[in-house]
Amino acid sequence: MAVDGQKFMTKTQHYRKVTKPLLERKRRARMNLYLEELKELIVDTMEEQGEHINKLEKADILEMTVTYLRNQQKADGYAQPLAKKTLNVEKFREGYTQAAYEVSKIFSSVPGIDRGFGTRLMKHLGYQLKDLKQHLFTNGTSGQPLVRDLENHHQNGLPSKDEDVWRPW
């Protein structure tokens, strides 16, 4: 269809001719903005170290940024990833202990459950918890939080050792 000699564009044609180039310009402008910020940070850092840089290409900026970040990681000794791993292990241990406690509560409160099965299950859960504790000691992570967690669970309403109930430890 034509109106006064002009053709109508389909949505696809409009996207290819108008929208896509605009989006690409915005994307490039955003990349250039952040590259310029990185460049300023790098130049300032290099000047503080006594080096003067006149011109940096985009690839130089990225290369120097990667090198700087790798040096920072080495200087930190990868402390953050280790801390995150330790935190995840602690969360797993806390969740495991709580789940074993819940299983123990169910076995002690539901009538008609085979005590032999419950005892075997709770022993198995306890051994798994013990293995986790040993694994933490062999990997250089302190196992003391595990003992504290178990003591806290015991003080917060777990049955005493004298009662005939299954326990996760």
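R27 is partly exposed, with a relative accessible area of 39%. In this predicted model, R27 pairs with E24 in a salt bridge, and the closest N and O atoms are 2.5 Å apart. E24 is also partly exposed, at a relative accessible area of 28%. Both residues belong to helix α1 and sit three residues apart, about one turn of the helix.

E24 has a further partner. Its side chain meets that of R28 in a salt bridge of 3.0 Å, N to O. E24 and R28 lie four residues apart in helix α1, again about one turn.

In total, three salt bridges are counted. One of them joins K105 and E102, at 3.8 Å from N to O. These two residues are three positions apart in helix α3 (residues 79–109), so about one helical turn separates them. K105 is partly exposed, with 37% relative accessibility. E102 is partly exposed as well, at 33%. Shared partners link E24, R27 and R28 into one salt-bridge network.

M9, V18 and L22 form it, and it covers about 250 Å². M9 lies in the loop between β2 (6–7) and α1 (11–48). The relative accessible area of M9 is 46%, so this residue counts as partly exposed.

The overall fold contains five helices and two strands. Along the sequence, the order is β-β-α-α-α-α-α. The protein has 169 residues, of which 18% count as buried. It exposes about 13600 Å², and carbon and sulfur atoms supply 54% of that area. Among contacts with a separation of 6 or more, 51% are between residues 24 or more positions apart.

How values were computed. Residues are numbered from 1 along each chain as its sequence is written. This is a predicted model: local features need pLDDT of at least 70, side-chain atom pairs count only at pLDDT 80 or more; totals for chains, interfaces and linings use all residues. Side-chain values use heavy atoms; hydrogens and water are left out. Patches are made of residues with over 30% relative accessible area and no salt bridge: like charges are joined within 9 Å, nonpolar side chains (Val, Leu, Ile, Met, Phe, Trp, Tyr) within 5 Å. Accessible areas come from the Shrake-Rupley method with a 1.4 Å probe; for residues, only the protein chains shown count as cover. A salt bridge is a side-chain nitrogen of Lys or Arg within 4 Å of a carboxyl oxygen of Asp or Glu. Buried means under 20% relative accessible area, exposed over 50%, partly exposed in between (1.4 Å probe, protein chains only). Contact means heavy atoms within 4.5 Å.
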